Amino acid sequence: MKKNRKSLESRIFWINKRLFDIITSLLLLPLLVVFSCIIFILNFFFNKGKLIFFQERMGKDCKSFITYKFRTMTPSEKMTRQYNDPIETDRITQFGKMMRKCRIDELPQIINVLKGDMSLIGPRPDYYDHALVFLNTVEGYRERHDILPGITGLSQTRLGYAEGLDATLKKTNIDNYYIKNLGYCVELR
């Protein structure tokens with residue numbers, strides 16, 4: 001009886017979490033349209049190139065999906081940065097720095113949320129090729145993909161951007177703590 005109740009509470013939580021994601025994303029859609037128009041115009045002057053950046057990321061159950069972001073870097077044919085390399089700060093445009101600082105570049109990911117690829121809150125998805133390396137080198141990394149990745153998450157608010165294996169291990173531990181204690185109120189340690 002107790003197990004059935006816990007299972008029912010879990011299902012209700014996940015339904016509510018998904019409804020929250022959908023409703024909040026729908027409310028953010030007008031903001032996405034406004035920012036898309038403004039950034040489209042500003043791109044002609046400060047960030048020449050495509051408006052949206054598409055990248056393959058690792059999602060729930062280690063499956064790949066394409067994430068959307070406003071482009072903040074100079075265009076490149078293919079990602080050349082390896083999993084342990086620092087971020088290519090020399091490619092970030094001045095306009096891109098401003099968007100990253102305000103997190104506006106993440107706004108198109110509400111489309112990923114509406115599609116069911118992401119949640120608003122969960123482990124941040126990593127670039128797919130890097131994630132394949134982390135699956136084999138970072139303990140607990142596979143488990144952080146038991147739920148949908150998020151636009152933001154506990155490890156991102158605690159650590160920020162994680163570079164390299166050591167930071168990825170710390171990020172993984174925080175993400176797995178979040179997953180293990182997931183509920184309406186996650187007690188932060």
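A residue counts as buried when its relative accessible area is under 20%. Isoleucine 39, with a relative accessible area of 4%, is therefore buried. The model behind these values is predicted. Its protein chain has six helices and four strands. Buried residues make up 42% of the 189 residues in that chain.

**Overall layout**

- From the N terminus on, the elements run α-β-β-α-α-β-α-β-α-α.
- Take the contacts between residues at least 6 apart in sequence: 70% of them join residues at least 24 apart.
- The accessible surface of the protein chain comes to about 11600 Å². Carbon and sulfur atoms account for 62% of that surface.

**Isoleucine 39 in helix H1**

- Helix H1 covers residues 2-46, and isoleucine 39 lies in it.
- Leaving aside neighbours within four places in sequence, isoleucine 39 is in contact with Leu51, Phe70, Phe95, Met99 and Ile104.
- The C-alpha atom of isoleucine 39 is separated by 9.9 Å from that of aspartate 105. Along the chain, these two residues are 66 residues apart.

- Strand E1 (residues 52-58) and strand E2 (residues 64-70) run antiparallel. Seven bridges join them.
- Phenylalanine 53 stands opposite lysine 69 in E2.
- E2 is mostly covered, with five of its seven residues buried.
- The hairpin has five residues between the strands. Aspartate 61 takes a positive phi near 60° there.
- Cysteine 62 also lies in the loop between E1 and E2. Its phi is near 65°, a positive value in a residue other than glycine.

**Cysteines**

- A disulfide is a covalent bond between the sulfur atoms of two cysteines. This structure holds zero disulfides.
- Cysteine 62 has a relative accessible area of 13%, so it is buried.
- Cysteine 37 has a relative accessible area of 47%, so it is partly exposed.

**Arginine 103, between H2 and H3**

- Arginine 103 is found in the loop between helix H2 (94-102) and helix H3 (109-115).
- Its phi is positive, at about 65°, although arginine 103 is not a glycine.
- Arginine 103 counts as partly exposed because its relative accessibility is 49%.

**Aspartate 126, between E3 and H4**

- Aspartate 126 lies in the loop between strand E3 (119-121) and helix H4 (128-137).
- Its relative accessible area is 11%, so aspartate 126 is buried.
- The side chains of aspartate 126 and lysine 171 are joined by a polar contact of 2.7 Å. Lysine 171 is itself one of the buried residues of H6.
- Leaving aside neighbours within four places in sequence, the contacts of aspartate 126 include Glu56, Arg57 and Met58. Ala131, Phe134, Tyr141, Arg144 and Lys171 are also among them.

- Helix H6 (residues 164-180) has 17 residues. From its first C-alpha to its last, H6 reaches 24 Å. That is close to the 24 Å expected at 1.5 Å a residue.
- The buried residues of H6 include Gly164, Ala167, Thr168, Lys171 and Thr172. Ile174, Asp175, Asn176, Tyr177, Tyr178 and Ile179 are also among them.
- Threonine 172 is found in H6. Threonine 172 counts as buried because its relative accessibility is 0%.
- The side chain of threonine 172 reaches the backbone oxygen of threonine 168 at 2.7 Å.
- Not counting residues up to four places away in sequence, threonine 172 touches Val138, Glu139, Gly140, Tyr141 and Arg144.
- Tyr141 and Arg144 are touched by threonine 172, and Tyr141 and Arg144 are also in contact with aspartate 126.

Key. Residues are numbered from 1 along each chain as its sequence is written. This is a predicted model: local features need pLDDT of at least 70, side-chain atom pairs count only at pLDDT 80 or more; totals for chains, interfaces and linings use all residues. Side-chain values use heavy atoms; hydrogens and water are left out. Helices (H or I, at least four residues) and strands (E, at least two) are DSSP runs, numbered from the N terminus. The expected span of a helix is 1.5 Å times one less than its number of residues. Buried means under 20% relative accessible area, exposed over 50%, partly exposed in between (1.4 Å probe, protein chains only). A polar contact is a pair of N or O atoms within 3.5 Å; within protein, one must be able to donate a hydrogen and the other to accept it, and residues adjacent in sequence count only if both atoms are side-chain atoms. Contact means heavy atoms within 4.5 Å. A disulfide is a pair of cysteine sulfur atoms within 2.5 Å. Two strands pair if DSSP finds at least two bridges between them. Accessible areas come from the Shrake-Rupley method with a 1.4 Å probe; for residues, only the protein chains shown count as cover.
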